[in-house]
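Subject: Handing over a structure, with notes

Dear colleague,

I am passing a structure on to you, and my notes follow below it. Please look at it first and then read on.

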Amino acid sequence: MADAGANRLADKAAIVTGAARGIGKAIVEAFAAEGAAVWCADLHGGEAEAVAAAIRAGGGKAEGGYCDVRSTDSVLDAVDAAVEAFGGLDILVANAATLTPAATVEDLDEADWAQALAVNLTGAFHLCKHGIPHLKRAGGGSVILTASQMARVGNPGSAAYCTTKGGLVQLAKVMALDHAADGIRVNTLSPGGTATDRLFSRHGSPERAEEEWGKPMHPLGRLGRPEEMAKGAVFLASPESSFMTGADLLMDGGYSAR
Ligand SMILES: NC(=O)c1ccc[n+]([C@@H]2O[C@H](COP(=O)([O-])OP(=O)(O)OC[C@H]3O[C@@H](n4cnc5c(N)ncnc54)[C@H](O)[C@@H]3O)[C@@H](O)[C@H]2O)c1
């Protein structure tokens, strides 16, 4: 578990998708360290359960298991399980994303385009659709959609990914307007290149990911760490960001400042 925090999420319950690895795993660990009960939802159900078990072993509150965000029923099951376990929900984090092959629109397979939209964008819709009624019941809450610096800049060969991430920023803005009166804040968290399996698999190794993507593309000269992104998520989930909604928290090491 991450270092004990300042209890900024005491008595809160959260569900996080894509929680088995990378940024999602760092987010659930940071939330638990801040006192939240966290439901770890992931396509890799066994890994999500293991993340939750490790949090419990460290004294935190966590459960988790299989969830495919492409399926509205699967997300509903995860939300229901979280509500049953924790008595309600206050925080939703739609973080799962799929890897899409690099290709121009001309060359991208229809199936890869559809998969990117289904996981990255419709997956967030599913979590919000089933989770927001519980936030309303709780009298308010915080919704965080993990977008990307690619929501605001283009990247060659990344049409599907950039489109889904731009879509999430718009989705957050509209939900912020729709649910402000319910006491629900909705924001995006936009990491830049972050040291996770997503980049390691694309570049072949952690070292090559740093050399080929971290160093040259980020003015701070390196990839971000999942724990750095998790700090942003804690901020967005906690009352420290109480006057922030419909906004994008960009944590990209200067990538898009050029
Ligand atoms: N790593 C980066 O450089 C970077 C940069 C900007 C934005 N992001 C965003 O941050 C988020 C997390 O990225 P990451 O680097 O930790 O990715 P990752 O690939 O390391 O982890 C993604 C997690 O999502 C899960 N997942 C994939 N498809 C799923 C599905 N259908 N249902 C449920 N879970 C599913 C995977 O099993 C995995 O545990 C993503 O939204 C990604 O787009 C990452």
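To begin with the ligand, one of its nitrogen atoms is 3.0 Å from an N or O atom in the side chain of Asp68, a polar contact in the sense of a pair of N or O atoms within 3.5 Å. An oxygen atom of the ligand is 2.6 Å from an N or O atom in the side chain of Asp42, and at Asn95 a backbone N or O atom lies 2.8 Å from an oxygen atom of the ligand. Taken alone, the ligand exposes 830 Å², of which the protein buries 94%; such areas come from the Shrake-Rupley method with a 1.4 Å probe, and for residues only the protein chains shown count as cover.

Before going further, please note that this is a predicted model, in which local features need pLDDT of at least 70 and side-chain atom pairs count only at pLDDT 80 or more, while totals for chains, interfaces and linings use all residues. Residues are numbered from 1 along each chain as its sequence is written, and side-chain values use heavy atoms, with hydrogens and water left out.

The shell around the ligand holds 30 residues, the closest being Ile23, Asp42, Tyr161, Thr194 and Thr196, where a residue is near if one of its heavy atoms lies within 4 Å. By class, the shell has 12 nonpolar, 11 polar and 7 charged residues; Ala, Val, Leu, Ile, Met, Phe, Trp, Tyr, Cys and Pro count as nonpolar, Asp, Glu, Lys and Arg as charged, and the others, Gly among them, as polar. The elements that give two or more residues to this shell are α1 (22-33), α5 (159-179) and α6 (197-203), and the largest share, 3 residues, comes from α6. Helices (H or I, at least four residues) and strands (E, at least two) are DSSP runs, numbered from the N terminus.

The structure also holds 11 salt bridges, each a side-chain nitrogen of Lys or Arg within 4 Å of a carboxyl oxygen of Asp or Glu. In one of them, the side chains of Arg8 and Glu240 meet at 3.1 Å, N to O. This pair links distant parts of the chain, with Arg8 in the segment before β1 and Glu240 in the loop between α8 and β7, 232 residues apart. Arg8, Glu34 and Glu240 are linked in a network of salt bridges.

Within helix α1, Lys25 and Glu29 lie 4 residues apart, about one turn of the helix, and their side chains form a salt bridge at 3.3 Å, N to O. Lys25 counts as partly exposed because its relative accessible area is 32%, whereas Glu29, at 18%, is buried; the cut-offs are under 20% for buried, over 50% for exposed and in between for partly exposed (1.4 Å probe, protein chains only).

Ser238 lies in the loop between α8 (226-237) and β7 (248-251), and is buried, with a relative accessible area of 1%. Leaving aside its neighbours within four places in sequence, Ser238 is in contact (heavy atoms within 4.5 Å) with Arg8, Leu9 and Arg185.

Finally, Asp11, in the segment before β1, has a positive phi of about 70 degrees although it is not a glycine, and counts as exposed at 73% relative accessibility.

With best wishes

Conventions:
Polar contact = N/O pair within 3.5 Å; in protein donor to acceptor, adjacent residues only side chain to side chain.
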